[in-house]
Amino acid sequence: MAAPSSRPVNSFSDAFNIRDIVGACLRRWYWFIICAVFAVCVAEYGIMKKIPVYSRYSSILIKDPNTRRTSNNELEQILANGTTPVIRKLINEKLTFESPALMEEVVRRLNLTMDYWMDGRFHRVPLYGYDRPLEVSLPDLSPNAHISLNLDVRKDTTLVLSKLVHSGVEYEYEAVLHPGDTLSTPVGRMVVTLTDGFNPSCFNKTYYVIHRSLPEAVSYFESRLNVEEAAEKGDVLDISITDVSPQRAEDVLSTLIAVYSEKWVEDRNKMVISTAHFIRERLDDIEKDLGEVDESIASFKSNNLIVDSKNASAAIIDINKNTQESIQEVDNQEFMCRYVRHYLQENNSIDELIPLPGSIVGEVGGLVAEYNATVLNRNYLVKNSSESNPLVLELTDALRSYRQNILSAIEAQLDVLSAQRSNLRRKEQAINRKIAESPNQTKQLLTIERQQKVKESLYLYLLQKREENELSQTFTAYNTRVLTPPTGPNKPVYPQGRRTVLLALLIGLLVPLVTIYIMEVGNTTLRGKKDLENLTLPFVGEIPQYRKKGVRKWVFEFLKSPKKRRAERLGVKETVVKEGKRDVINEAFRVLRTNLEFMTQDDHGNVMILTSFNPGSGKTFLCINTAITLAIKGKKVLAIDGDLRHGSLSGYVDHPKEGLSNYLAGQIDDIHEVIVVDEQRPSLHILPTGTIPPNPSELIGSERFAAMIDALRGDYDYIFIDCPPVDIVADTQIIAKVADRTIFVVRAGLLERSMLSELEKLQQEGRYKNMSLLLNGTLSQHNYSYRYGNKYGYKYGYKYGYYGYGNHKYYGDGEE
């Protein structure tokens, strides 16, 4: 027996990864198909039960001149207010379209308070326009009333009124009427007329008529209306609405735009009339004011002797300027006269010329000129003769006389200039007084003239606006232009079939996926060979599950022959190992056979017990099929049913009445009398249980049992004893004393992984001889065994059941 390992008993991994989920999903592939098909069917049914809702939309251009694009001059306004005029205008128009008053007018025009329905295949169908075969009129009904009624159309076109409900109160009222007749009802008069949509297919049908209150109808359509500013289109509004009737949605949009345009024109005409009245009143007032201003200007000019204020002021200024120039001229002449006088008084030489400025004119200038000419003549004579020359002397006396005459003339000239200056000064003062008075007069006149110009400009402006207003009143164009007429797709926007089906399909795939994930995460049982890697027990083999659950199980059950069904009812078992068969289960047992031969080739221990922790681990199935595998190879094999409480192995030989329990109880002396030889394999012998004893532990623990095993060792190459699970009854521990080896069977999906530490503990304590491990029931292909290192590539499996301990109730379709 191998030495106990030092590996801790709690070191077994519970590792779990995505490959486990993938394998579990592939193993339960039909879950996904069933859930997906079911989800899609439910979605399709839900779609068919829903009343389809359609969408219609339209685009309009706001042509109001006040709605203009942003310019550079509006930058300051944008920064201050955060919005441009066009955006504010569009917001106003958007609110106008969404106003309840506008929608109320639409509801009134289209009579949308009345709804007509009929039964469809899966849901009620709305009737509108040409599809509506009749029309109900309730002239006495209040607009805020809510009623519903049914109309049945008979073959003779008579109508049956029933199920009249007013404000939640149903009347016990039923009446027959003809189209066009007026019927008195509890809610008032009623008239039903047939429309152009009425045809023979309308007979024997029930129509449901609903009159909604006006606020309710307005609220309904207003809630389904959506008005948005078109992106990057400036002055364009996109209007859309959803409704169960596409034709009604188009009519609502068209009427809404028409009502909006009419209201706009009506408001515009009201404004034009008010503007014309205002302009007329203002023109009358301005005409009176202009007359008063003209009279004021005429009186002012007459009182102040002003012909033309601008020319009079210029003339005064010119006179003042000339006077100042004359005074300056007189001052210049006076200065030069004084200069000449000073020169003559200071300079007595008669040889020099007297300076003669150009400003000195008149007598003084003539005397000075004559004096200078005489000086030049004298100087010439003196130069050619002498001063004593009588001519020179005569000229000298003349020059002295000239000097006296010049001084006298200068004095006289100065007196004249002084008088001229005085006159000019007085004239200047008079002009200055006029100039001082002129600004006030000019100011008064300009004020009056300014009033005249303002009133004239305002008068002309009002005359122009009056003409424009009259033209605007004569022809007023709508401020909107329909860019896109009401239109929309023929497919409903709700329910969205493709999206709903895809969502349902996704849910149908997620439900089994989540379920499998939860199952796998919560799975605490043995999953495959990988979970056994930390055990020190020798691994003798792995047997895959042979039969599938679910759909394949149903198919196998259906294809079973009556003979097999009868055998199962009687508890007769079948084996899977067949000579020459090459399927996976047979190959697995051949591998097990090879491993057993390898393990027993060096010793003579040929007595082996098969046990487990759990009932239903497949010990009996493994015991008989392993024995068959060795028998096929020519080995002489004995399979003993050591489970005296159930006798599972005995089911393979039709449960003989006599067997091991009868021999141990002393009822039979020769054990060979109760050993059953397999008909197909003579080298395979089976020792059944026989009668179920009341004291199996005492019989197994007797010396007769041990002696029997010792006697049979030499007769067989292999002896397999099918034992009950350990720690449930004491039978297995008693049988283990006479056995040479213990094959411990663990079944995937049944044994809790926490029990692996107990199994390791059994190995370390040495309670059972030469323990080895046999893994049973691993799943095939996309299964745990495949993912946990199985090298066989199993494609099939086997399903096992078991008999419950403590009674004979049969569980499942397999065996322990």
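Trainee: I take a salt bridge to be a side-chain nitrogen of Lys or Arg within 4 Å of a carboxyl oxygen of Asp or Glu. How many salt bridges does the structure hold?

Mentor: The structure holds 21 salt bridges. Keep in mind that this is a predicted model.

Trainee: What is the salt-bridge partner of Asp731, and what is the N to O distance?

Mentor: Asp731 meets Arg645 through their side chains, with 3.2 Å from N to O. The two lie in distant parts of the chain, 86 residues apart: Asp731 belongs to helix H19 (residues 731-736), and Arg645 to the loop between strand E17 (637-641) and helix H16 (660-664).

Trainee: Is Asp731 buried or exposed?

Mentor: Asp731 is buried, because its relative accessible area is 0%. Arg645 has 27%, so Arg645 is partly exposed.

Trainee: And Asp531, which side chain does it meet in a salt bridge?

Mentor: Arg527, with 3.4 Å from N to O. Asp531 is buried at a relative accessible area of 5%, and Arg527 is buried too, at 2%.

Trainee: What about Lys94, which residue does it form a salt bridge with?

Mentor: Glu98, where the closest N and O atoms are 3.2 Å apart. Lys94 has 18% relative accessibility and counts as buried, while Glu98 has 23% and counts as partly exposed.

Trainee: Which residues are linked in a network of salt bridges?

Mentor: Asp115, Arg212, Asp243 and Arg248 are linked that way.

Trainee: Changing topic to the whole chain. How many helices and strands are there?

Mentor: The protein chain has 21 helices and 24 strands. Of its 816 residues, 43% are buried. The chain exposes about 43,400 Å², and carbon and sulfur atoms supply 53% of that area. Taking contacts between residues at least 6 apart in sequence, 76% join residues at least 24 apart.

Trainee: Sheets next. What is the strand order in the open sheet of four strands?

Mentor: The order is E12-E13-E1-E14, with antiparallel pairing. Strand E12 (225-229) and strand E14 (480-487) are the edges; each has a single partner strand, so one side of each has no neighbour in the sheet. From one strand to the next, the twist averages 15°.

Trainee: How many bridges join strand E1 to E14?

Mentor: Five, and strand E1 (residues 54-62) and E14 run antiparallel. One of the pairs is Leu61 with Arg481 in E14.

Trainee: Where is Gly488 found?

Mentor: Gly488 is in the loop between E14 and H11. Gly488 and Tyr57 are 431 residues apart along the chain, yet their C-alpha atoms are separated by 6.2 Å.

Trainee: What about the open sheet of three strands, what is its order?

Mentor: E4-E10-E9, again with antiparallel pairing. Its edge strands are E4 (134-137) and E9 (182-185), each pairing on one side only. The twist averages 25° from one strand to the next.

Trainee: How many bridges join E4 to E10?

Mentor: Four bridges join that antiparallel pair, and Glu135 has Thr193 in E10 as its bridge partner. E9 is also joined by four bridges to strand E10 (residues 188-194), where the bridge partner of Leu183 is Met190.

Trainee: Which residues of E4 are on its covered face?

Mentor: Leu134 and Val136 are on the covered face, whereas Glu135 and Ser137 are on the uncovered one.

Trainee: Last topic, the helices. Where is Leu290 found?

Mentor: Leu290 is in helix H7 (residues 246-303). Leu290 counts as buried, with 14% relative accessibility. Not counting residues up to four places away in sequence, Leu290 touches Gln452, Lys455, Glu456 and Tyr459.

Notes:
Residues are numbered from 1 along each chain as its sequence is written. This is a predicted model: local features need pLDDT of at least 70, side-chain atom pairs count only at pLDDT 80 or more; totals for chains, interfaces and linings use all residues. Side-chain values use heavy atoms; hydrogens and water are left out. Two strands pair if DSSP finds at least two bridges between them. Axes are lines fitted to C-alpha atoms, for helices over the stretch in contact, and angles run from 0 to 180 degrees between N-to-C directions. Buried means under 20% relative accessible area, exposed over 50%, partly exposed in between (1.4 Å probe, protein chains only). Contact means heavy atoms within 4.5 Å. Accessible areas come from the Shrake-Rupley method with a 1.4 Å probe; for residues, only the protein chains shown count as cover.
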